[in-house]
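Work through the exercises below with the model open. Try each task before reading its solution.

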Amino acid sequence: MQRLATVIRIKPEKIEEYKRLHADAWPGVLRALQRANVRNYSIYLRDNTLFGYMEYTGEDFEADMARVAEDEETQRWWQLTDPCQLPVDSANPGEWWARMEEVFHMD
């Protein structure tokens, strides 16, 4: 199992919309993530920053995420959520949610 953390900014005027969408996340989107070996996924908000945490149990993260990106319901979901978000300044070119480095973990 691999623990992954990501970060992205949220537009202040979109915070309530983003919360509303995630209060009733679409079942098909959740199923696509589960099929992609994502478990224990959470998103936190602080000061216009979203922090995402997930556990990945598969063997090929890039391939699994590509399958999520191909899912039609997920694409429709992203049409609603993406306009709420802005990549952090330190994101790599083409990176939306920027991966974070784990510097400490305690079980």
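Contact here means heavy atoms within 4.5 Å. The model is predicted.

**Exercise 1. Contacts of alanine 36**

Task: Which residues is alanine 36 in contact with, leaving aside its neighbours within four places in sequence?

Solution. Step one: set aside the neighbours within four places of alanine 36. Step two: list what remains in contact, namely Tyr56, Asp64, Met65 and Val68.

**Exercise 2. Aromatic pairs**

Task: How many aromatic pairs are there? Classify the pair of tryptophan 26 and tryptophan 77, and the pair of tyrosine 44 and phenylalanine 51.

Solution. Ring centres must lie within 6.5 Å to pair; planes over 60 degrees apart count as edge-to-face, under 30 as stacked, and the rest as tilted. The count comes to three aromatic pairs. Take tryptophan 26 and tryptophan 77: their centres are 5.2 Å apart, with 65 degrees between the planes, an edge-to-face pair. Now place the two rings. Tryptophan 26 is in the loop between α1 (15–23) and α2 (27–35), and tryptophan 77 is in helix α4 (residues 72–81). The partners are 51 residues apart, so this pair links distant parts of the chain. Tryptophan 26 is partly exposed, at 25% relative accessible area; tryptophan 77 is buried, at 6%. In the pair of tyrosine 44 and phenylalanine 51, the centres are 5.9 Å apart and the planes at 40 degrees, so this pair is tilted. Phenylalanine 51 is partly exposed, with a relative accessible area of 30%.

**Exercise 3. A charge over a ring**

Task: Which residue lies over the face of phenylalanine 61?

Solution. Arginine 99 does, at 5.4 Å from the ring centre.

**Exercise 4. Helix packing**

Task: Describe how α3 and α4 cross, and which residues meet.

Solution. Distance and angle: the axes come within 5 Å and cross at roughly 75 degrees. Orientation: α3 and α4 are therefore roughly perpendicular to each other. Residues: Val68, Ala69 and Glu70 in α3 meet Glu72, Thr74, Gln75 and Trp78 in α4.

Notes
Residues numbered from 1 in each chain as written. Predicted model: local features only at pLDDT ≥ 70, side-chain atom pairs only at ≥ 80, totals over all residues. Heavy atoms only, no water. Phe/Tyr/Trp six-rings, centres within 6.5 Å; stacked < 30°, edge-to-face > 60°. Helix = DSSP H or I, 4+ residues; strand = E, 2+ residues; numbered from the N terminus. Buried < 20%, exposed > 50% of the residue type's maximum accessible area, 1.4 Å probe, protein only. Lys NZ or Arg CZ within 6 Å of the ring centre and 35° of its normal. Axes fitted to C-alpha atoms, helices over the stretch in contact; angles between N-to-C directions. Parallel < 35°, antiparallel > 145°, perpendicular 65-115°, else oblique.
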